[in-house]
Amino acid sequence: MRNTIKLLIVEHKELTQRTNSQAGRADEARRARLILLLDAGHTWASIREKLDCTDSFIDRWGKRFAAERLAGLFSRHAGQLPSTLTPALEARILEWSIKRKPRDGSTHWSTRKLAAQLDVSHMMVARGWRKHALQPHRLEGYIASNDPDFETKAAEIIGLYLHPPQHAGVGEGVL
């Protein structure tokens with residue numbers, strides 16, 4: 001299969017510049033290279049090999065260039081609109097952060113856990129926390145132990161600190 005594309009001198013110069021540009025986008029350079037290869041008479045098989053692309057890629061961009069010339073090489077995907085931290089979402093993030101605990105038994109929320117719970121991005125949670133100087137991981141809290149002998153063990157350790165053995169290396173300049 002071949003596309004018959006004949007470039008004007010100005011178009012050839014522009015496409016060559018796009019392929020050689022270090023500052024340009026890689027996807028634009030790839031499309032420019034495709035058109036230059038089509039103009040040079042390469043087969044789709046050789047283009048697939050050189051650009052590591054599919055027939056649909058060659059067909060789509062070849063047709064767009066034929067219909068619109070250089071303007072047809074710009075991507076049609078407008079991207080995603082930036083998401084904003086609305087007051088309602090902000091209030092929801094803060095309410096969940098302060099008043100609710102994670103169901104998995106954790107002592108506090110992480111940005112990713114809360115984001116998954118609220119179905120938002122973890123960066124949205126982080127922005128809400130930063131805006132209100134909220135640091136759930138630094139809030140004082142009680143960490144429960146699952147060890148049934150925890151109380152006995154803790155009492156022994158605290159007792160050692162309060163009443164160290166006579167020759168223990170505690171206190172008197174011993175490092």
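User: Where does Arg69 lie?
Analyst: Arg69 lies in the loop between helix 4 and helix 5 (87–99). Bear in mind that this is a predicted model.

User: What about phi of Arg69?
Analyst: Phi of Arg69 is near 60 degrees. That is a positive value in a residue other than glycine.

User: How exposed is Arg69?
Analyst: Arg69 has a relative accessible area of 27%. The cut-offs are 20% for buried and 50% for exposed, so Arg69 is partly exposed.

User: Where else is there a positive phi in a residue other than glycine?
Analyst: Asp119 has one, with phi near 60 degrees. Asp119 sits in the loop between helix 6 (111–118) and helix 7 (122–131).

User: Asp119, buried or exposed?
Analyst: Exposed, because Asp119 has 70% relative accessibility.

User: Let's zoom out. How many helices and strands are in the protein chain?
Analyst: Eight helices and zero strands. Along the sequence the pattern reads α-α-α-α-α-α-α-α.

User: What share of the residues count as buried?
Analyst: 25% of the 175 residues of the protein chain.

User: And the contacts between residues at least 6 apart in sequence, what share join residues at least 24 apart?
Analyst: 51% of those contacts in the protein chain.

User: Now packing. How do helix 2 and helix 4 cross?
Analyst: The axes of helix 2 (residues 26–39) and helix 4 (residues 55–68) cross at roughly 80 degrees. They come within 10 Å. Helix 2 and helix 4 are therefore roughly perpendicular to each other.

User: Which residues make the contact?
Analyst: From helix 2, Arg30, Arg31, Leu34, Ile35 and Leu38. From helix 4, Phe57, Ile58, Trp61, Gly62 and Phe65.

User: What classes are in the contact of helix 2 with helix 4?
Analyst: Seven nonpolar residues, one polar and two charged.

User: Which residue lies over the face of Trp61?
Analyst: Arg31 does, at 4.4 Å from the ring centre. Arg64 also lies over the face of Trp61, at 4.6 Å from the ring centre.

User: Next, Arg30. Which residues is Arg30 in contact with?
Analyst: Arg30 of helix 2 is in contact with Leu51, Asp52, Cys53 and Phe57. Neighbours within four places in sequence are set aside there.

User: How far apart are the C-alpha atoms of Arg30 and Thr19?
Analyst: 7.0 Å separates the C-alpha atoms of Arg30 and Thr19. The two residues are eleven apart along the chain.

User: What is the accessibility of Arg30?
Analyst: It is 30% relative accessibility, so Arg30 counts as partly exposed.

User: Switching to aromatics. How many aromatic pairs does the structure hold?
Analyst: One aromatic pair. Trp96 and Trp109 form the pair, and the geometry is edge-to-face. The centres are 5.9 Å apart, with 65 degrees between the planes.

User: Where are Trp96 and Trp109 in the chain?
Analyst: Trp96 is in helix 5, and Trp109 is in the loop between helix 5 and helix 6. They are 13 residues apart, and the pair links distant parts of the chain.

User: Trp96 and Trp109, buried or exposed?
Analyst: Trp96 counts as buried, because its relative accessibility is 12%. Trp109 is buried too, with a relative accessible area of 5%.

User: What else is Trp109 in contact with?
Analyst: Besides Trp96, Trp109 is in contact with Ser97, Arg100, Lys101, Pro102, Leu114, Gln117, Trp129 and Pro136. That leaves aside neighbours within four places in sequence.

User: How far is Ser97 from Trp109, by C-alpha atoms?
Analyst: The C-alpha atoms of Trp109 and Ser97 are separated by 6.5 Å. Along the chain, Trp109 and Ser97 are twelve residues apart.

Methods
Residues are numbered from 1 along each chain as its sequence is written. This is a predicted model: local features need pLDDT of at least 70, side-chain atom pairs count only at pLDDT 80 or more; totals for chains, interfaces and linings use all residues. Side-chain values use heavy atoms; hydrogens and water are left out. Axes are lines fitted to C-alpha atoms, for helices over the stretch in contact, and angles run from 0 to 180 degrees between N-to-C directions. Helices (H or I, at least four residues) and strands (E, at least two) are DSSP runs, numbered from the N terminus. Angles under 35 degrees count as roughly parallel, over 145 as roughly antiparallel, 65 to 115 as roughly perpendicular and the rest as oblique. Contact means heavy atoms within 4.5 Å. Ala, Val, Leu, Ile, Met, Phe, Trp, Tyr, Cys and Pro count as nonpolar, Asp, Glu, Lys and Arg as charged, and the others, Gly among them, as polar. Buried means under 20% relative accessible area, exposed over 50%, partly exposed in between (1.4 Å probe, protein chains only). Rings of Phe, Tyr and Trp (its six-membered ring) pair if their centres lie within 6.5 Å; planes under 30 degrees apart count as stacked, over 60 as edge-to-face and the rest as tilted. A charge sits over a ring if NZ of Lys or CZ of Arg is within 6 Å of the ring centre and within 35 degrees of the ring normal.
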